[in-house]
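Biologist: I would like to learn how to read ring pairs and strands in a model. Can we go through one together?

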Amino acid sequence: MYYLIFLIHFDCIYTSSLSRAVQTAEIVAKKNQTKIITEPGLMEWNLGVFCGKILHLTKKPKWTPISLIGNDVYIPRTLLLDGDYIPENGESYNMFKQRICKSIENIIRMTQKPAPPLKIL
């Protein structure tokens with residue numbers, strides 16, 4: 001799979017500004033001699049206080065209290081994927097989906113000028 005990205009020509013690469021995403025984009029861009037555009041809206045889901053922790057999604061009801069044991073967070077799957085639950089200093093699943101969709105729509109709008117087709121991986 002890794003080598004397949006080198007068989008495809010990319011006219012432009014859109015990436016989040018996360019260093020690991022930019023580094024991957026740079027590898028592909030170098031091989032394709034392609035321009036990289038960072039799009040902040042493509043950042044990963046901001047889980048706020050849960051970032052950097054190991055999340056364990058449990059099958060317990062969503063009203064079950066969240067428990068934190070060391071670096072492990074036990075959270076009901078239904079609560080996290082509820083759509084409206086916002087972790088402290090984070091964003092809800094619905095906010096995340098809306099941000100990603102808006103970013104992709106912006107990318108598509110920018111590429112609707114006379115340009116080669118857009119390839120999204």
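Modeller: Start with the rings. The count comes to three aromatic pairs. The rule takes rings of Phe, Tyr and Trp (its six-membered ring) whose centres lie within 6.5 Å; planes under 30 degrees apart are stacked, over 60 edge-to-face, and the rest tilted. Note that this is a predicted model: local features need pLDDT of at least 70, side-chain atom pairs count only at pLDDT 80 or more, and totals for chains, interfaces and linings use all residues. Residues are numbered from 1 along each chain as its sequence is written, and side-chain values use heavy atoms, with hydrogens and water left out.

Biologist: Why is the pair of Trp-45 and Phe-96 called stacked?

Modeller: A pair of aromatic rings is described by the distance of the centres and the angle of the planes. For Trp-45 and Phe-96 the centres are 5.6 Å apart and the planes are at 15°, so the pair is stacked. Trp-45 sits in the loop between strand 2 and strand 3, and Phe-96 in helix 3 (residues 93-110), so this pair ties together parts 51 residues apart in sequence. Helices (H or I, at least four residues) and strands (E, at least two) are DSSP runs, numbered from the N terminus.

Biologist: Are Trp-45 and Phe-96 buried or exposed?

Modeller: Both are buried. Buried means under 20% relative accessible area, exposed over 50%, and partly exposed in between (1.4 Å probe, protein chains only). Phe-96 has a value of 19%.

Biologist: What is the geometry of Tyr-93 and Phe-96?

Modeller: Their ring centres are 6.4 Å apart and their planes at 40°, so this pair is tilted. Tyr-93 and Phe-96 are three residues apart in helix 3, which means about one helical turn separates them. Tyr-93 is partly exposed, at 27% relative accessible area. Ring pairs link Trp-45, Tyr-93 and Phe-96 into a cluster.

Biologist: Which residues does Met-43 touch?

Modeller: Contact means heavy atoms within 4.5 Å. Leaving out residues up to four places away in sequence, the contacts of Met-43 include Leu-18, Phe-96 and Arg-99. Met-43 and Arg-99 are 56 residues apart in sequence, yet 9.0 Å apart in space, C-alpha to C-alpha.

Biologist: Now the strands. In what order do the three strands of the open sheet lie?

Modeller: Two strands pair if DSSP finds at least two bridges between them. Here the order is 3-5-4, with mixed pairing. Strand 3 (54-58) and strand 4 (67-69) are the edges, each pairing on one side only. Strand 4 and strand 5 (residues 72-76) pair in the antiparallel sense over three bridges. Ser-67 has Tyr-74 in strand 5 as its bridge partner.
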